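Please read them with the structure open.

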Amino acid sequence: MIDFGIARALDTIGGVTSTGEVIGTPRYMAPEVLRGDPISPACDVFSWGCLVAFAASGRAPFGGDTLPAMVYQVLNTEPNLEAIDPGLRELVAAALNKDPSQRPTAQQLLDALVGRSAAPEQAAHTVQVAWQQSTAPYTVAPAPGGVRARRGRLYAAVAAAAAVVLAAGVGAWALFVPSGPPKDLGLLYQEDFTQTTGGWTGSYDPQSAGSVGYRTDGTYGMDAEPDYEERWARAPVPYLFYTPTATPDPTASPTPMLPQSVVMAVTADVTKTVGTGEYGLYCHNSEDGDNYYEFTLDTKGNARIRRIVDGSGGMIAQPVKVDALPGKARITVACEQSGKTVRLSMWVNDELVQEAEDPNGIGNGSLGLFARTPKDDRSVVRTTWDDFELRGRLEP
């Protein structure tokens, strides 16, 4: 990537030489460089976004056959990112923000790709420190629904980078085996959605945009579409997810803690798609809703596992094509914790499709369902869910 790192050299010459020659590739240069504005490392992030967009889709994010046309596109139009995988699209879009102060830093890009937050010693005395003294931090907005997940969360598509902190399919575990979903775990909770009094949120209205809730056909509906790009439903299981901080009522019946290792299963069906979308299950969701694991199927038939920390994160296993999709499928996922390590497994129609381990695991937390579309003002994914089960072994 020849343009990456050119910002330091450009800082002394303003991007355009005295003869009017542009240094760099215009289609991959930040708007402020083309305008002759002050240069910063944010220019390199913009170039990174252009390169990754091209690598992921086979075409540059800004068109134009002539130099004036290229410059106009970079300065005035939004990038074309439709062909990029949804898991990577938002990260690239953030890097291509016209406003350099709103782009993620290089450190934040790395953290998003590997699914972690930078340790203080890694972030100190770096470009990020100097940059963020003069620019606004990159932030994301919370999504609607029972889980305070962030609509702008960042997803990685570089699983090799995630291997820095995550190892897939390593280690020996006693509870779950690769031959299929475990059959010997006790039933902790189940819901067939035939009654509307089970504690799940909402009543589904097919005439209402982004509706979530019980359907009249005995299933649970969840629609993601423009203005409602992420929909979440927390499973109302009768267990504590987090250690209570308040003094318990001595006359109340104690509520047991959710086991650290559980298996969830649900039958999911996609009833309508426009554009692209994804749906699945999540577990280990923290009390503030910013840290969790999700097991995702997309409308192209791919399965993946993600780790989200502080509202951003990335894939921890390469996407896998599932022959049975799209279509109705029984999704079974396992979240097993042993010490600090969390092992994650995913089956589709009883066939193991994904496994990963997180040695710096997210602690126990809530669990449930989700559906999501990219923020492209056109994509729609409508899903129905049935026969939800939670299994595990209660602590003695």
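1. Which residues in helix 3 meet which residues in helix 5? On the helix 3 side they are Val45, Phe46, Trp48, Gly49, Val52, Ala53 and Ala56, and on the helix 5 side Leu88, Leu91, Val92 and Ala95. This, like every point below, is read from a predicted model.

2. The geometry of that pair can be stated briefly. Two packed helices are described by the angle between their axes and the distance between the axes. For helix 3 (residues 42–57) and helix 5 (residues 86–95), the angle is about 145° and the axes are 8 Å apart. The crossing of helix 3 past helix 5 is left-handed.

3. Strand 3 (residues 220–224) is largely enclosed by the rest of the structure, because five of its five residues are buried. In a regular strand the side chains alternate between the two faces of the sheet. Here Tyr220, Met222 and Ala224 point one way, while Gly221 and Asp223 point the other way; all are buried.

4. Strand 3 has an antiparallel partner in strand 2 (residues 212–214), to which three bridges join it. Within this pairing, glycine 213 has glycine 221 as its bridge partner. The hairpin of strand 2 and strand 3 has five residues between the strands, and glycine 218 in this hairpin takes a positive phi near 85°.

5. Strand 3 also pairs with strand 15 (residues 380–392), again in the antiparallel sense, over five bridges. Methionine 222 has threonine 383 of strand 15 as its bridge partner.

6. The largest nonpolar core contains 52 residues, and the residues with the most contacts inside it are Trp200, Tyr220, Leu367, Phe388 and Leu390. Strand 5 (residues 262–274) gives the most to this core, namely five residues. A second, separate core has 26 residues, including Met29, Val33, Ile84 and Ala95.

7. Leaving aside neighbours within four places in sequence, its contacts include Ala233, Ala235, Val237, Leu258, Val262, Met264, Phe388 and Leu390. Arg234, Tyr282 and Cys283 are also in contact with leucine 367.

8. Is glutamine 337 buried or exposed? Glutamine 337 lies in strand 11 (residues 329–338). Its relative accessible area is 15%, so it counts as buried, the cut-off being under 20%. The side chain of glutamine 337 reaches the backbone oxygen of glycine 339 at 3.3 Å.

Key: Residues are numbered from 1 along each chain as its sequence is written. This is a predicted model: local features need pLDDT of at least 70, side-chain atom pairs count only at pLDDT 80 or more; totals for chains, interfaces and linings use all residues. Side-chain values use heavy atoms; hydrogens and water are left out. Helices (H or I, at least four residues) and strands (E, at least two) are DSSP runs, numbered from the N terminus. Buried means under 20% relative accessible area, exposed over 50%, partly exposed in between (1.4 Å probe, protein chains only). A polar contact is a pair of N or O atoms within 3.5 Å; within protein, one must be able to donate a hydrogen and the other to accept it, and residues adjacent in sequence count only if both atoms are side-chain atoms. Two strands pair if DSSP finds at least two bridges between them. A nonpolar core is a set of buried Ala, Val, Leu, Ile, Met, Phe, Trp, Tyr and Cys residues joined through side-chain atoms within 4.5 Å. Contact means heavy atoms within 4.5 Å. Axes are lines fitted to C-alpha atoms, for helices over the stretch in contact, and angles run from 0 to 180 degrees between N-to-C directions. A crossing is left-handed if the near helix is turned anticlockwise from the far one by less than a right angle, and right-handed if clockwise.
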